[in-house]
Every structure is written in structure tokens, then in C-alpha cells.
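Me: I'd like a close look at a single part of this molecule. Please take me through the disulfide and the core.

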Amino acid sequence: QVQLVVSGGGLVQAGGSLRLSCAASGSIFSINDMGWHRQAPGKQRELVAAITSGGSTNYTDSVKGRFTISRDNAKNTVYLQMNSLKPEDTAVYYCNAVVLSTRFKSGDYWGQGTQVTVSS
């Protein structure tokens with residue numbers, strides 16, 4: 001089994017910064033793509049940022065230039081640095097990872113959500 005544990009989040013004023021972390025543990029052979037998603041009230045969950053095992057990244061347009069995704073492969077951890085936060089960034093944020101528990105067996109795992117609230 002694989003567990004993803006999220007830390008970070010909270011309440012911040014517009015223009016502020018927060019950093020989210022997501023650590024994977026359990027039966028891990030290797031981790032492929034890792035990402036952060038968010039879901040605001042009344043909206044569908046959307047991909048915010050993703051990073052491959054090689055470090056290639058992509059972002060949704062609304063966060064480009066403000067958010068940075070990174071990962072520490074030695075720690076099986078992915079981070080989301082969020083700067084210049086806006087009220088529209090308010091949402092529950094989730095991390096996910098494609099984890100190989102063996103060379104031939106992979107699964108898509110999700111961490112628990114963490115609330116990010118940006119006040120105006």
C-alpha cells in the first residue's frame with residue numbers, strides 16, 4: 001500500500017505565500033508523475049501543476065508565474081510553492097502520484113485534501 005500525506009495550507013491574505021508538501025510512503029519501487037489538483041466550492045477538480053520523474057513541469061494558465069512545483073525524489077515528496085496568492089486560489093488542494101509498487105505494477109494514489117483560503 002501507498003500513502004500520500006499532505007501538509008501545509010491554511011489561511012493567508014491576498015498577495016501572500018503558502019507552501020504545500022506531499023510525502024509518499026509505503027510500498028514504493030519508483031514514482032512517476034506527481035501533481036497538485038484543487039477543487040473550489042461548486043467547481044470541478046482541476047489540475048494545478050504536475051511534474052514528471054525527470055523534473056519536467058506544467059501548470060494551468062491561471063497559476064503560471066506564481067506557483068512552482070518541485071519534488072525531492074530521495075524523500076518521495078512533492079511541493080507546491082504558491083506566491084502572490086489570489087482569492088480565486090481558494091480551494092481544497094490535493095496531491096496525487098503515479099507510484100510503481102513493483103517494476104510492473106503501478107497505481108494512481110491521492111493524498112488527503114488541504115484547505116487553502118485566500119482572503120481579500
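Reply: A disulfide is a pair of cysteine sulfur atoms within 2.5 Å. This model is predicted, and it holds one disulfide. The partners are C22 and C95, with sulfur atoms 1.9 Å apart. That value lies within 2.5 Å, so the pair counts. The torsion about the S-S bond of C22 and C95 is about 45°, so this disulfide is right-handed. The pair joins distant parts of the chain. C22 sits in strand 3 (residues 18-26), and C95 sits in strand 9 (residues 91-100). They are 73 residues apart.

Are these cysteines buried or exposed? Buried means under 20% relative accessible area. C22 has 1% relative accessibility, so C22 is buried. C95 has 0%, so C95 is buried too.

Now the core. In soluble globular proteins, nonpolar side chains tend to be buried together. Here the largest nonpolar core has 28 residues. W36, F67, L80, M82 and Y93 have the most contacts inside it. Several strands each supply at least two residues of this core, including strand 1 (2-7), strand 3, strand 4 (30-39) and strand 9. Strand 9 gives the most, with five residues.

Which residues does Y93 contact, leaving aside its neighbours within four places in sequence? Among them are L20, V48, F67, L80, M82 and V116. Y93 also contacts H37, R38, Q112, G113 and T114. Two of these partners, F67 and L80, are again among the residues with the most contacts inside the core.

Definitions and conventions:
Residues are numbered from 1 along each chain as its sequence is written. This is a predicted model: local features need pLDDT of at least 70, side-chain atom pairs count only at pLDDT 80 or more; totals for chains, interfaces and linings use all residues. Side-chain values use heavy atoms; hydrogens and water are left out. Helices (H or I, at least four residues) and strands (E, at least two) are DSSP runs, numbered from the N terminus. Buried means under 20% relative accessible area, exposed over 50%, partly exposed in between (1.4 Å probe, protein chains only). A nonpolar core is a set of buried Ala, Val, Leu, Ile, Met, Phe, Trp, Tyr and Cys residues joined through side-chain atoms within 4.5 Å. Contact means heavy atoms within 4.5 Å.
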